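User: Could you walk me through this model, a question at a time?

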Number of protein chains: 2
Amino acid sequence: MKETAQILKEKGLKVTPQRIAVYNMLLNTTEHPNAETIYKALEPTNPTMSLATVYKTLDYFKQLGLVQELNVGEGSSRYDAVVKCHPHTVCVQCGKVQDLYLDELTEIHKKVEDELDFQVNCEQLILYGVCGNCRRKNKEG
Amino acid sequence: MKETAQILKEKGLKVTPQRIAVYNMLLNTTEHPNAETIYKALEPTNPTMSLATVYKTLDYFKQLGLVQELNVGEGSSRYDAVVKCHPHTVCVQCGKVQDLYLDELTEIHKKVEDELDFQVNCEQLILYGVCGNCRRKNKEG
DNA sequence: TATTAAATAAAAATAGTTATCGTTTAGGAG
DNA sequence: CTCCTAAACGATAACTATTTTTATTTAATA
């Protein structure tokens, strides 16, 4: 696996402890955390870390294609180190956000490009519903 | 066509000029305006209209299924009186948001329900790209 | 028409995010 | 390795979208 420092350098970013921490945290989670969550997770081990820096860092990363921003309709944006366009499920009960991979979407891209006058660059598909865990809990209760 | 006043009454809402104005405005546009835009559009003809009321009204409408909230990644939410789940295209150049209808999505719902442990209630598909108008403008420039 | 709970406008408050500014630091030059 | 400088940092103020508060007005029913 490529070193985080190396990746940042390749993107023309100065390598700082804060940036390494944010990027590593995103690489090691599938939870799609928001800025606040990232900050709270890093604060204990990185005493010198500010929320403003997290926001600024995420903004740089986003522009350089190192992370993807995701808005599922909450107050705040979530972030994902998987930058390839991919759909997500959102459980409306527990709020859990999960990645999803569907080949069918490329067909849809093609169809829209052919039939409508619109060149698709990227798509965002969010499936809202109830996850298995919550459904089972509902039955029990 | 059913009267707006009648529709509001059926939903158990008190019929007020402000609510009628907001709902009619949304029925008569395909532009997916945000709260600010709705307010500015109505202010001239409805001198007694406040932004807070627009927000509150949209919130009621949303809960009662009269409108749909749409977040395409701008700072603010857009609103649509077409409440049936449907995809949208967003032009990243001019910001235009357009409705889209695709049958393929029901297949995707089914696939996710069958293969993953997730019950889909509603989906939001946003296709980001460049609309025909902007592509033509780019070629000219 | 009188009553009253609900809706309103205006303004204050809040949440998420961005900008400012003085200080610190990464990283290249010497 | 040390010096230098632009870039990054933390703290905090500012900003934007939205929500809440409160006193006033109004829709709808009696």
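User: Which residue in β4(A) stands opposite A:V90?

Analyst: In this predicted model, strand β3 (residues 88–91) of chain A pairs with β4(A) in the antiparallel sense, over three bridges. Pairing here takes at least two DSSP bridges between two strands, and strands are DSSP E runs of at least two residues, helices H or I runs of at least four, numbered from the N terminus. The residue opposite A:V90 is A:V97.

User: Before we go on, what are the ground rules?

Analyst: Residues count from 1 along each chain as its sequence is written, while chains are lettered from A and ligands numbered from 1 in the order written. The model is predicted, with local features needing pLDDT of at least 70 and side-chain atom pairs pLDDT 80 or more, though totals for chains, interfaces and linings use all residues; side-chain values use heavy atoms, leaving out hydrogens and water.

User: Which strands stand at the edges of the sheet, and why is one side of each left without a neighbour?

Analyst: The open sheet has six strands with mixed pairing, in the order β4(A)-β3(A)-β5(A)-β5(B)-β3(B)-β4(B). Each edge strand has a single partner, so one side of it has no neighbour in the sheet. Those edge strands are β4 (97–99) of chain A and β4 (97–99) of chain B.

User: Is B:Q119 buried, exposed or partly exposed, and at what relative accessibility?

Analyst: B:Q119 is found in strand β5 (residues 118–131) of chain B. Leaving aside residues up to four places away in sequence, B:Q119 touches A:Y128, A:G129, A:V130, A:R135 and B:E113 (contact means heavy atoms within 4.5 Å). Buried means under 20% relative accessible area and exposed over 50%, with partly exposed in between, using a 1.4 Å probe and protein chains only. B:Q119 therefore counts as partly exposed, at 32%.

User: How much of the DNA strand D atoms within 4 Å of the protein belongs to sugar or phosphate?

Analyst: One phosphate oxygen lies 2.6 Å from a polar side-chain atom of A:T16, and a sugar or linking oxygen is 2.9 Å from an N or O atom in the side chain of A:Q18. Bases make up the rest of those atoms, and the sugar or phosphate share is 84%.

Conventions:
Near = heavy atom within 4 Å. Polar contact = N/O pair within 3.5 Å; in protein donor to acceptor, adjacent residues only side chain to side chain.
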